[in-house]
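Please consult the sequence and the model alongside the text.

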Amino acid sequence: VADLDDADRWWPQSVNAYDRATAEARLATRSETASAARPMLDAALRDLGRSLKQDPANAGAWAWLAFLLFAEQGASPETIDSLSMSIELARFDPALLPIRCEVGLFIYPALDSQRRAALGDQIRMLGRYSVGDLVEVARVTHSLNIVIEARLAGDNRTVIRFLDVLQS
């Protein structure tokens with residue numbers, strides 16, 4: 001985080017604020033208590049806001065914003081809109097598929113049919129790209145049934161790979 005602060009002083013770029021925000025968000029999620037995480041979460045939100053002001057088309061910043069907003073607000077309209085914006089800006093981005101699927105599965109009941117379909121598309125892509133990541137996301141979100149029944153239906157090869165990894 002400190003190195004990215006230095007980089008921003010030498011060469012201000014939206015990517016510096018984005019990289020700093022993702023580092024802060026990851027540090028916050030590893031904090032032992034909510035009070036320890038709070039300063040990092042606040043810093044991550046501030047840096048994501050700065051990054052999005054400089055580059056509103058950064059799909060990664062929108063995905064991480066959805067992640068942080070979910071942590072703070074649950075399935076709020078802002079969380080849903082941030083996730084949707086990330087997907088619309090870059091439908092296939094292997095680095096973003098896991099975080100999008102995770103947030104989307106946590107907020108699944110609040111999504112309308114169009115956004116559920118977009119999430120289903122993300123789940124199918126993640127299953128084809130990295131079934132191991134999809135298994136991890138399904139476990140973390142306790143969404144095995146949604147992933148298998150609603151999103152991988154019809155893709156028998158991915159379902160078989162998913163179930164194999166799940167059992168191992």
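## An exposed loop residue

His 142 counts as exposed, because its relative accessibility is 71%; in this report, buried means under 20% relative accessible area, exposed over 50%, and partly exposed in between, with a 1.4 Å probe and protein chains only. His 142 is placed in the loop between α8 and α9 (144-151). Its phi is positive, at about 55 degrees, although His 142 is not a glycine. Most residues other than glycine have a negative phi.

## Basis of the model

The model is predicted: local features need pLDDT of at least 70, side-chain atom pairs count only at pLDDT 80 or more, and totals for chains, interfaces and linings use all residues. Residues are numbered from 1 along each chain as its sequence is written, and side-chain values use heavy atoms, with hydrogens and water left out.

## Overall architecture

The secondary structure of the protein chain consists of 10 helices and 0 strands. Helices (H or I, at least four residues) and strands (E, at least two) are DSSP runs, numbered from the N terminus. Read from the N terminus, the order of elements is α-α-α-α-α-α-α-α-α-α.

The C-alpha trace spans about 50 × 35 × 25 Å along its principal axes. For 168 residues, a compact globule would have a radius of gyration near 15 Å, and the 17 Å of the protein chain agrees with this. That radius is taken over C-alpha atoms, and the globule rule is 2.2 Å times the number of residues to the power 0.38. Among contacts with a separation of 6 or more, 57% join residues 24 or more positions apart; a contact means heavy atoms within 4.5 Å.

## Surface and charge

Of the 168 residues of the protein chain, 45% count as buried. The chain exposes about 8900 Å², of which carbon and sulfur atoms supply 54%. Accessible areas come from the Shrake-Rupley method with a 1.4 Å probe, and for residues only the protein chains shown count as cover.

There are 18 positive and 23 negative side chains, and the centres of the two sets lie 4 Å apart. Lys and Arg count as positive and Asp and Glu as negative, while His and the chain ends are not counted. The place of a charge is taken as NZ of Lys, CZ of Arg, CG of Asp or CD of Glu.

## The nonpolar core

In soluble globular proteins, nonpolar side chains tend to be buried together. Here the largest nonpolar core has 45 residues, and Leu 48, Ile 123, Val 147 and Phe 162 are those with the most contacts inside it. Such a core is a set of buried Ala, Val, Leu, Ile, Met, Phe, Trp, Tyr and Cys residues joined through side-chain atoms within 4.5 Å. Two or more residues of this core come from each of α2 (14-29), α3 (34-54), α4 (59-73), α5 (77-89), α6 (97-106), α7 (113-129), α8 (131-141) and α10 (156-167). Helix α4 gives the most, with 10 residues.

Leaving aside residues up to four places away in sequence, Ile 123 touches Cys 101, Leu 105, Leu 134, Val 147, Arg 151 and Leu 152.

## Further individual residues

Ala 110 is found in the loop between α6 and α7 and is partly exposed, with a relative accessible area of 38%. Not counting residues up to four places away in sequence, Ala 110 touches Ala 75 and Ile 80. Ala 117, in helix α7, is also partly exposed, at 41%. Between Ala 117 and Ala 75 there are 42 residues of sequence separation and 17 Å in space, C-alpha to C-alpha.

Leu 27 lies in helix α2 and is partly exposed, with a relative accessible area of 43%. Ser 35 belongs to helix α3 and is exposed, with 60% relative accessible area. The C-alpha atoms of Ser 35 and Ser 51 are separated by 25 Å, and these residues are 16 apart along the chain.
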